[in-house]
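Subject: Handover of a structure and notes on its features

Dear colleague,

Please find below the structure that I am handing over to you. My notes follow it, arranged by topic so that you can look up each place as you read.

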Amino acid sequence: PEALLLQDAASQGLAALKVVTHLGFAECCWFATSAVFNVHYGVPEVFVVAAASILPDADYPRSWLGHRLGDVSRELNRLFGHRSFLHSLLALLIVSAVLGAPSWWITGNPATGVAVFVGFGSHLFADMMTLGGVQLFWPNRAIAVFPGRDEYRVVTGSGSEAIFVAVVFV
């Protein structure tokens, strides 16, 4: 029993690191988007970007979000697998329409709708920079990665992920 508790704690620690990576990268993408396109950068948008940036991992039961979703995450994983449908351009468009439009209407500010797109999209882009890549063009099973050479991509949960986060923040 103690070994299982330690294993679960270690797994949740790694999941928390991944969340921090996605949150940090998403906020940096939002900062860049707001600067380049002169989009409002306010508190609601920061929260919307953060929330949208963790949504793609709902299909992975061992992720921070998946752990909290429980059976829903396990069912999504059974139906699609990890880094497939919820890591695709199709999901990006659906989530942006389903969550972005209402957030725009609720706040009266189009920036919150754009924030959904940027937050969700930043997760896809960050996962493309890992060795595993994503099925960006789901249902096509082709794996999309960036950059093309393995040695330049991030190894999830390793020192390269910490370096990536530090570089993004700088």
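At the start of helix H6, a side-chain oxygen of Asn109 comes to within 3.0 Å of the backbone nitrogen of Ala111. Please keep in mind that this is a predicted model.

Confidence of the prediction

The mean pLDDT of the protein is 87, and 91% of its residues reach 70 or more. Among the elements, helix H4, residues 71–80, has the highest mean pLDDT, at 97. The lowest mean, 74, belongs to helix H7, residues 159–169.

Helix H6 covers residues 110–128, which makes 19 residues. From its first C-alpha to its last, H6 reaches 27 Å, close to the 27 Å expected at 1.5 Å a residue.

Two packed helices are described by the angle between their axes and the distance between the axes. The axes of H2 and H6 come within 7 Å and cross at roughly 35 degrees. Their crossing is right-handed. On the H2 side, the residues that meet H6 are Pro44, Glu45, Val48, Val49, Ala52, Ser53 and Ile54. On the H6 side, they are Ala111, Thr112, Ala115, Val116, Gly119, Phe120, Ser122 and His123.

Ala26 is found in helix H1, and its relative accessible area is 0%, so it counts as buried. Leaving aside neighbours within four places in sequence, Ala26 is in contact with Val49, Ser53, Gly119 and Ser122. Val49 and Ser53 are among the H2 residues that meet H6, while Gly119 and Ser122 are among the H6 residues that meet H2.

Ser73 is in helix H4 and is buried, with a relative accessible area of 0%. Which backbone oxygen does the side chain of Ser73 reach? The side chain of Ser73 reaches the backbone oxygen of Ala58, at 2.8 Å. Not counting residues up to four places away in sequence, Ser73 touches Ala58, Asp59, Tyr60, Pro61 and Gly66.

His87 lies in the loop between H4 and helix H5, which spans 89–107. With 0% relative accessibility, His87 counts as buried. Residues up to four places away in sequence aside, His87 touches Pro56, Asp57, Asp59, His82, His123, Leu124, Asp127, Val134, Gln135 and Leu136.

Asn38 sits in the loop between helix H1, residues 2–37, and H2. Phi of Asn38 is near 55 degrees, which is positive in a residue other than glycine. Is Asn38 buried or exposed? At 71% relative accessibility, Asn38 counts as exposed.

The loop between H6 and H7

Two cis peptide bonds are to be found in this part of the chain. Pro139 lies in the loop between H6 and H7, and the peptide bond from Trp138 to Pro139 is cis, with omega near 15 degrees. Pro147 is also found in the loop between H6 and H7, and the bond from Phe146 to Pro147 is cis, with omega near -10 degrees.

Asn140 is located in the loop between H6 and H7 too. Asn140 has a relative accessible area of 44% and is partly exposed. A polar atom of the Asn140 side chain lies 2.7 Å from the backbone nitrogen of Ala142. Asn140 and Ser84 are 56 residues apart in sequence, and their C-alpha atoms are 9.2 Å apart in space.

Yours sincerely

Terms used. Residues are numbered from 1 along each chain as its sequence is written. This is a predicted model: local features need pLDDT of at least 70, side-chain atom pairs count only at pLDDT 80 or more; totals for chains, interfaces and linings use all residues. Side-chain values use heavy atoms; hydrogens and water are left out. Helices (H or I, at least four residues) and strands (E, at least two) are DSSP runs, numbered from the N terminus. The expected span of a helix is 1.5 Å times one less than its number of residues. A polar contact is a pair of N or O atoms within 3.5 Å; within protein, one must be able to donate a hydrogen and the other to accept it, and residues adjacent in sequence count only if both atoms are side-chain atoms. pLDDT is the predictor's confidence in each residue, from 0 to 100. Buried means under 20% relative accessible area, exposed over 50%, partly exposed in between (1.4 Å probe, protein chains only). Contact means heavy atoms within 4.5 Å. Axes are lines fitted to C-alpha atoms, for helices over the stretch in contact, and angles run from 0 to 180 degrees between N-to-C directions. A crossing is left-handed if the near helix is turned anticlockwise from the far one by less than a right angle, and right-handed if clockwise.
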